[in-house]
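Here is a short tour of how two chains meet, and of what lies within them. Take a look at the structure first, and then let us walk through it together.

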Amino acid sequence: MQLLPSNVAQDVIAAGLAAGADFVDIFIERTHNDGLVYKNSKIEDCQSGTLFGIGIRLIHGEQALYGYTNSTDREELLRITRLLGARISGPAKNLTLNFENLKYPSIPTLQDREVNTQEKLQFLNKINQRLRNDPKVSQVMLNFTKKKQLIEVYNSEGLRASEERPYIRLFHQLVMKDGNLQTEAFHGPGAIGGWEFIEKLNVEEVCEGLLKQANTTLYASPCPAGKMPVVIDNGFGGVIFHEACGHLLETTSVEKKASVFWDKMGEQIAHSAVTAIDDGTIPGAWGSLSIDDEGMPTQKTTLIENGILKNFIVDRMGEIKTGHKRTGSGRRQSYKFAPASRMRNTFIQSGKHEFGELIDSVSYGIYAKKMGGGSVDPSTGQFNFAVQEAYLIENGKITNPLKGATLIGKGSDILTKISMVGKDLSLMAGMCGSVSGSIPTTVGQPPLKVDEILVGGEA
Amino acid sequence: MKKIMEKVMSQITDNKAQGDLMFSNSSTLKMSSQKNEIATYNVTSSQILGVRIIKNGKVGLSYTEALDDDSLNLAVKQALQNAEVTDHNPHEQIMEISGEINDELIVPEDEVDISVKTRKALELESKIRSLDSRVSSVPYNGYSEQDYYSYYLSSKGRFTTYKDKSYSITTSAVMEDQGIKSSFYDYHTSHTFKDLKFDKVIETSLFHARNLLQEKSLPTGKYSIRFSEDSLQSIINCFSNFYSAKASMDQMNPWASKLGENVISKDLTIIDHPLFERSFRTSKFDSEGVERKPLTLIDNGELKSFYHNSVTANFFKTKTTGHAARGPSAPMGVYGTDLLIQGKNVKPLPEKYLEVIQLAGLHSGANRVTGTFSLAVKGYLWERGERVATIGNVTISGNLMDFLNNVEVVGTELLASTDESFFSVPLIFHGVSVAGQ
């Protein structure tokens with residue numbers, strides 16, 4: 001597969017170097033998307049499309065210049081390169097390139113079997129019918145997306161690398177009503193792979209989980225407010241680490257000193273029970289990559305080990321600006337974004353405690369069974385998270401379901417207040433939005449106990 | 001481009017189908033500064049053509065960024081194939097309107113030299129640093145300009161053109177003092193370079209970041225709250241499906257059956273105004289080429305109308321309100337334009353209230369179906385007309401419907417959001433749950 005002829009790539013890179021750039025890379029992308037929206041018990045929308053574009057980056061010192069176009073025309077690519085190069089004041093460099101195809105271990109993906117629409121429809125009907133067996137369900141929406149991203153990278157170090165990335169996701173959403181009460185529940189499993197991943201979903205388990213979540217929140221009491229211990233369950237609970245800490249470990253924040261952790265390498269930043277990993281190599285995982293969008297083979301990176309900060313998440317610009325070695329973490333949504341240091345599959349490693357021990361240890365607090373999304377201000381570390389499914393813990397027992405719970409705090413504080421880590425690690429797919437766009441990432445953790453978080457609820 | 005679109009359209013009609021095409025093109029220049037040097041400099045251009053085909057009552061969508069013949073042929077073929085897959089939808093048709101209509105912003109030729117733009121972009125960082133030694137970083141700053149145009153062509157002969165030019169600046173201040181950190185950012189957008197308010201974004205970022213160094217929590221309890229125009233806009237827009245006939249069709253609108261009922265305080269009237277003279281950008285037509293006009297959504301507390309496109313209008317046997325919303329790569333939806341919240345029965349400001357200047361968590365902490373939300377906020381505590389404390393580390397929670405019923409109008413002037421697309425009289429919301437200390 002070759003998306004851009006290497007002689008054109010060579011000309012573009014040569015033009016960038018001649019303008020004085022220290023480094024030039026070209027990112028070429030062709031992505032085919034298929035989407036199917038199932039709603040009102042039928043297929044409502046079906047669409048497909050192809051995105052194609054080329055991003056050119058010139059690096060000079062700590063300056064990154066970036067341009068993109070939909071055209072493969074050599075002259076147009078050279079025009080953009082020269083436009084960017086005009087911003088550089090440095091000596092011209094002449095370099096004869098002989099691109100070498102990068103050889104790298106390919107991360108195994110699940111099968112991408114071609115499936116006809118009838119088969120998809122049958123599968124979606126099955127989920128719809130199962131959910132609608134509960135008469136309170138007023139709407140079921142299933143959003144099936146399939147994406148095949150082909151990328152190619154050339155750079156002035158003579159690298160040529162390419163990868164084909166198949167993504168698949170089925171996003172479930174249901175609306176439940178009872179009189180004036182109304183609520184929603186979501187679930188969005190996804191993977192690198194194809195239909196095989198969907199076929200392997202346990203429909204009964206997924207539907208039961210959604211119905212339980214909706215039935216719980218429909219009749220839940222308002223969440224009490226104030227500072228209290230919180231047990232955060234596994235899986236999507238990991239979003240709290242992703243938002244509150246993960247983003248602060250990306251060199252995109254670190255290089256600007258916009259992260260509270262920018263000068264904490266080697267220091268104890270978390271409770272000793274915490275070891276955190278960012279791993280791009282997990283077979284089939286939603287956030288896995290064989291190579292990153294800068295053409296570097298991805299890797300498993302230990303971020304925090306027994307509470308001590310071991311590594312940042314580093315892309316090429318991050319390496320230039322901070323001196324920390326690249327970790328295969330240069331990622332972007334598409335050619336429309338310059339790459340930035342981004343998370344892949346990020347999780348806290350399993351600990352030694354049974355789930356029951358975590359609950360037993362709380363006399364009055366919250367059990368956050370399913371987290372919603374959240375956000376963080378990297379410069380202050382302040383975060384906020386919604387809890388989708390929550391329960392009160394009273395005297396070591398899970399009691400009433402709660403609604404409207406939000407957790408707020410500072411990432412650096414929370415890390416030191418994780419006092420118990422459970423055994424049962426699980427990962428969940430999500431989309432992460434940041435400076436280089438929206439990308440697939442996995443979050444995960446075993447159940448955790450945080451000794452104190454400010455819980456926003458009803459006063 | 002019109003000729004290319006007509007050629008594609010002839011392929012659609014040759015296949016005995018109806019359809020419409022949306023084309024958009026944008027080119028941008030962006031730069032940001034770090035350590036008082038330009039750190040990022042982006043020059044971009046992109047285009048996309050979206051195809052919607054309706055054949056035998058079934059709808060298929062496709063899009064392409066490549067405009068060569070093969071890619072265009074493939075896009076039509078894919079849309080036709082996709083139309084075979086979807087269920088019959090008698091409500092989705094191409095509007096029976098024709099003729100050309102244009103909405104092209106006329107602005108003076110940009111004669112500002114790139115060196116001037118670069119110098120001003122650098123100031124977004126350097127000035128902030130120079131004005132307060134406690135500024136530890138300016139992580140978000142930048143200058144950008146965008147040229148955008150789009151065309152719409154339907155098989156019924158409707159052709160529209162839209163053209164816009166915008167300039168935008170943003171900056172931020174991260175401050176640190178005795179181990180305490182704070183941050184605030186501000187932005188401004190205009191249609192010409194000379195109208196950009198560089199000093200305003202710098203001063204606003206610094207002003208709030210300085211104050212937030214002193215932030216403290218509040219005791220948990222019930223408070224009266226006044227939202228900044230930007231905060232109020234965020235909350236109201238988050239629940240825009242309350243006005244959406246599409247959300248009603250999808251069983252996701254809690255106001256679906258409440259037309260003609262009082263849904264909020266009788267002191268409030270809410271109008272969707274695509275042509276409001278104070279708006280940053282008016283909008284003459286929607287994504288189906290339907291001409292727009294002001295729409296009263298709520299009149300003195302009574303729900304009067306929903307946003308409709310032709311699909312929801314056919315479903316509910318009414319007329320479209322000109323609120324079709326669709327991008328080249330997205331299916332048909334509805335969306336509002338600029339909102340005006342007017343009020344009557346003006347009361348004095350309460351002696352004590354919390355002014356919210358920043359809120360976080362709307363994308364996850366708000367339930368768009370029920371109207372409930374729980375959000376982290378920052379702001380100022382006011383007592384007897386004095387700003388007495390800066391507040392942070394607190395959350396507010398409640399339900400939008402309760403909020404809008406338990407509200408008082410405290411002024412007559414329509415105040416604008418920063419992006420000049422939302423205008424409201426000053427409002428105070430009473431009995432809001434605040435979680436803090």
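Two residues are in contact here if their C-beta atoms, placed from the backbone, lie within 7 Å. Please keep in mind that this is a predicted model.

**Where the chains meet**

By that criterion, 58 residues of chain B are in contact with 61 residues of chain A. Which element of chain B gives the largest share of the side that touches chain A? Strand S2 (residues 37-55) of chain B does, with 11 residues.

**A helix of chain A**

Helix H2 (residues 74-85) of chain A has 12 residues and reaches 16 Å from its first C-alpha to its last, close to the 16 Å expected at 1.5 Å a residue. Its residues A:Leu77, A:Ile80, A:Thr81, A:Leu84 and A:Gly85 are buried. These lie on the same side of H2(A), because they cover an arc of only 135° around the axis. The general rule is that an α-helix has 3.6 residues a turn, so residues three or four places apart point the same way. What covers the buried residues of H2(A) includes helix H1 (6-18), strand S2 (42-60) and S3 of chain A, together with S2 of chain B.

**The two domains of chain B**

The domain assignment of chain B gives domain 1 (2-212) and domain 2 (215-437). Their centres, taken over C-alpha atoms, are separated by 24 Å. The contact between them takes these residues:

| Domain of chain B | Residues in the contact |
|---|---|
| domain 1 | 27 residues |
| domain 2 | 26 residues |

On the domain 1 side, the elements that give two or more residues include strand S1 (18-34), strand S7 (158-177) and helix H4 (198-212) of chain B. S8(B) gives the most to this side, with four residues. The side of domain 1 that touches domain 2 divides into 12 nonpolar, 11 polar and four charged residues.

**An open sheet in chain B**

Six strands of chain B form an open sheet with mixed pairing, in the order S12-S11-S10-S15-S21-S20. Its edge strands are strand S12 (302-303) and strand S20 (415-416) of chain B, each pairing on one side only. Within the sheet, strand S10 (residues 268-272) and strand S11 (residues 295-299) of chain B run antiparallel and are joined by three bridges. B:Ile271 stands opposite B:Thr296 in S11(B).

Key. Residues numbered from 1 in each chain as written. Chains lettered and ligands numbered in written order. Predicted model: local features only at pLDDT ≥ 70, side-chain atom pairs only at ≥ 80, totals over all residues. Domains from an automatic or database assignment. Nonpolar A, V, L, I, M, F, W, Y, C, P; charged D, E, K, R; others polar. Expected span 1.5 Å × (residues − 1). Buried ≥ 20, exposed ≤ 12 C-beta atoms within 10 Å, placed from the backbone. Arc of directions from axis to C-beta. Pairing = 2+ DSSP bridges.
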